[in-house]
Every structure is written in structure tokens, then in C-alpha cells.
Amino acid sequence: MFEKAIQFLKDHKEIALATCEGNLPKLRIFQVMKQEGHVLYFATSAKKAVYHELRQNPNVELLAYEGNVSVRCMGMVNFNVEEDTKRWIYCHNAVLQRLYSSYDQLEYFCLPIAEIDYYDLEPTPPKFIHFDLMSGEVGNGFVGEKFSEKE
């Protein structure tokens, strides 16, 4: 099921990204620019509020959703992105090239996913699976109840 959740993220580049400004949540649509396993890469401008929010508090959640399936990820972003990855992101995104004349005008960050939740509302009862990548724990159950078993 973990691979199914990761594949869902690969297939759904537009996500809702939640940050915080002080104690207030901030939510915006963002695009995953690149994915390597369970690490997601993004680009933004240093002039945008999201950049300053992430610098102040790197803890984020994101949500990808389609139909009856959603994937929620949690973790801490960092700005340690290699130059080759920055160039690749810029060269493979026409919108960035239209808005910025060079890849080095952007700030790049990545999210190594620490936890991921996979929800499928299609079956009855709906299915919920939680993966904690830090501890290796997996729990599953049904939406609305505690984990009923371990995988």
C-alpha cells in the first residue's frame, strides 16, 4: 500500500500545501516539481510569503486528492537541494521558465516525507493506512477509528 500512496503522489502534482505563519495556518495550491522516492521537490521565490513561512517553521503537511482517494504527507522541509536538481526542475517546468529568466532566481526546497496517510473512501467501510517512515511503523484501519491491526 505504501507504493500505491507514493504512486498517487507521482500522478497528482498539484497539491495543497499547509504552512504556518506564527500560530495561523496558511494553505495554498503548490506543484510538486520532482519526486525521488519519498522525497518531494518544490520551487518558489524568496519574495513570497511561503518562503518566509518555511524558513520560520519548516513543518508542513500536504494533501493530494482525487475522487475517493486522498494522500496526506507530513514532514519538515529543507533547502539543501543540489544544483543539478535545481537546474533539472527549472528546465522541466515551462511555467518557471516563463516567470523567471534563470534557475538561480528561485529558492528550492524538498520534503523528505516523515509520515504518509492513505485514505480510500470507496470501500465500505472506508480504508485508512498510516505509514511512519521515521519509525517504520504501519497501521491500518477504517476511517473514523483507531488502527485495528498492524501490517
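This is a predicted model: local features need pLDDT of at least 70, side-chain atom pairs count only at pLDDT 80 or more; totals for chains, interfaces and linings use all residues.
Okay, let's start with the lining of the largest pocket: β2 (24-31), β4 (39-44) and α4 (94-99) each put at least two residues into it. Residues are numbered from 1 along each chain as its sequence is written, and side-chain values use heavy atoms, with hydrogens and water left out.

Back to that pocket. The space in it comes to about 260 Å³. By pocket I mean an open set of points on a 1 Å grid over the protein atoms alone, where a 1.4 Å probe fits, with protein on both sides within 12 Å along at least five of seven lines; lining residues have an atom within 4 Å of a point. Grid points are joined across faces, edges and corners, and the volume is the space filled by probe spheres set on them. There are 16 lining residues, and F30, M33, A43, K48 and L96 lie nearest the centre. Which element gives the most to the lining? That's β2, with four residues. By class, the lining has 10 nonpolar, four polar and two charged residues. The nonpolar class is Ala, Val, Leu, Ile, Met, Phe, Trp, Tyr, Cys and Pro, the charged one is Asp, Glu, Lys and Arg, and the others, Gly among them, are polar.

Now the charges. How many salt bridges does a search of the whole structure find? Seven, where a salt bridge is a side-chain nitrogen of Lys or Arg within 4 Å of a carboxyl oxygen of Asp or Glu. Take R28 and E53, which pair up at 3.1 Å, N to O. R28 is in strand β2 and E53 in helix α2 (residues 49-56), so this pair ties together parts 25 residues apart in sequence. E53 is buried, at 5% relative accessible area. For burial, the cut-offs are under 20% relative accessible area for buried, over 50% for exposed, and partly exposed in between, using a 1.4 Å probe and protein chains only.

Another salt bridge joins E21 and K26, with the closest N and O atoms 3.3 Å apart. Both ends are partly exposed: E21 has 42% relative accessibility and K26 has 28%. There's also a network of salt bridges linking E61, R72 and D117.

Then E83 and K86, a salt bridge at 3.3 Å, N to O. These two are three residues apart in helix α3 (residues 83-91), so about one helical turn separates them. An α-helix has 3.6 residues a turn, so residues three or four places apart point the same way. E83 is partly exposed at 37%, while K86 is buried at 18%. Leaving out neighbours within four places in sequence, K86 is in contact with V81, Y103 and Y108, contact being heavy atoms within 4.5 Å.

Let's stay with α3. Which of its residues are buried? T85, K86, I89 and Y90. They cover an arc of only 135° around the axis, so they sit on the same side of α3; the arc is taken from the directions from the helix axis to the C-beta atoms. That buried set packs against β3 (34-36), β4, α4 and β7 (107-120). The other side of α3 has D84 and C91 exposed. C91 comes in at 52% relative accessibility, and its C-alpha is 7.9 Å from that of Y103, 12 residues away along the chain.

Last one: E107, in strand β7. Buried or exposed, or in between? Partly exposed, at 26% relative accessibility. Not counting residues up to four places away in sequence, E107 touches F42, A43, T44, A46 and Y51. E107 and F79 are 28 residues apart in sequence, with 7.8 Å from C-alpha to C-alpha.
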